[in-house]
Amino acid sequence: MSRLTKEERKDRWAQFEQAHRVRKLPITRQRRAVFAAVLERTDHPSADDIYDSVRRELPGISRMTVYRILANFVSLGLLCKTCHPGSVARFDPKIHHHDHLVCVECGAITDIETERPARVPLPEVRRLGFEIEDYQIHFRGRCAACRQAAPKQAHRQRRKPIQPQRRIRS
Ligand SMILES: [Zn+2]
Ligand SMILES: [Zn+2]
């Protein structure tokens, strides 16, 4: 889970300024603060995580503004949004190709940047009118911290059986 290097950061800020210039978008303090907050993190924060850290610097900023800015950065290609079943959208400062390890227990998302196979057998979906442009692999499992906190057996037993939902009679 490596941080962006100093060079990468410099490039990302240059890209940020360039994208704003090209589209004639104002570079506001809010937009800078949101971008900086994502760049400094390696844990794939949610929009609420970003809101919490930006708010420390700009107490007046609204949650909606942070959401809107993040969505805009994604559409400008400045950030990536990654979604996993059962979790909220998470934001990623790394826009180059990489895959993720997703912990099903605590939701931690870790980058893995191993060499990709040169050819991946893609499913034949053209008959559905779909054109594949990209793919990402999410390896799901349990992270080191969760495995240490509860070894597999104990973990299985610890899980509560699903309780039938209590009905409120009307
Ligand atoms: Zn975990
Ligand atoms: Zn990532």
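In this predicted model, helix H2 (residues 29–39) packs against helix H4 (residues 63–75) at an angle of about 70°, and their axes lie 10 Å apart. An angle from 65 to 115 degrees counts as roughly perpendicular, so H2 sits roughly perpendicular to H4. On the H2 side, the contact is made by Gln30, Arg31, Val34 and Phe35. H4 answers with Thr65, Val66, Ile69, Leu70 and Phe73. Sorted by class, the contact of H2 with H4 comes out at 6 nonpolar, 2 polar and 1 charged residues.

Leu70 is worth a look of its own: leaving aside residues up to four places away in sequence, Leu70 touches Val34, Ala47, Ile50, Leu79 and Phe91. As background, nonpolar side chains tend to be buried together in soluble globular proteins.

Then there is the sheet. Here 3 strands form an open sheet with mixed pairing, in the order S4-S3-S5. Strand S4 (109–112) and strand S5 (138–141) stand at the edges; each has a single partner strand, so one side of each is left without a neighbour in the sheet. Ignoring direction, neighbouring strands of this sheet are turned by 25° against each other on average. Strand S3 (residues 99–103) and S5 run parallel and are joined by 4 bridges. One bridge pairs Cys103 with Gly141 in S5.

Zooming out, the chain's secondary structure comes to 6 helices and 5 strands. Along the sequence, these elements follow the pattern α-α-α-α-β-β-β-β-β-α-α. As for burial, 14% of the 170 residues of the chain count as buried, the cut-off being 20 or more other C-beta atoms within 10 Å of a residue's own. Among contacts in the chain with a separation of 6 or more, 52% are between residues 24 or more positions apart.

How values were computed:
Residues numbered from 1 in each chain as written. Chains lettered and ligands numbered in written order. Predicted model: local features only at pLDDT ≥ 70, side-chain atom pairs only at ≥ 80, totals over all residues. Axes fitted to C-alpha atoms, helices over the stretch in contact; angles between N-to-C directions. Helix = DSSP H or I, 4+ residues; strand = E, 2+ residues; numbered from the N terminus. Parallel < 35°, antiparallel > 145°, perpendicular 65-115°, else oblique. Contact = placed C-beta atoms within 7 Å. Nonpolar A, V, L, I, M, F, W, Y, C, P; charged D, E, K, R; others polar. Buried ≥ 20, exposed ≤ 12 C-beta atoms within 10 Å, placed from the backbone. Pairing = 2+ DSSP bridges.
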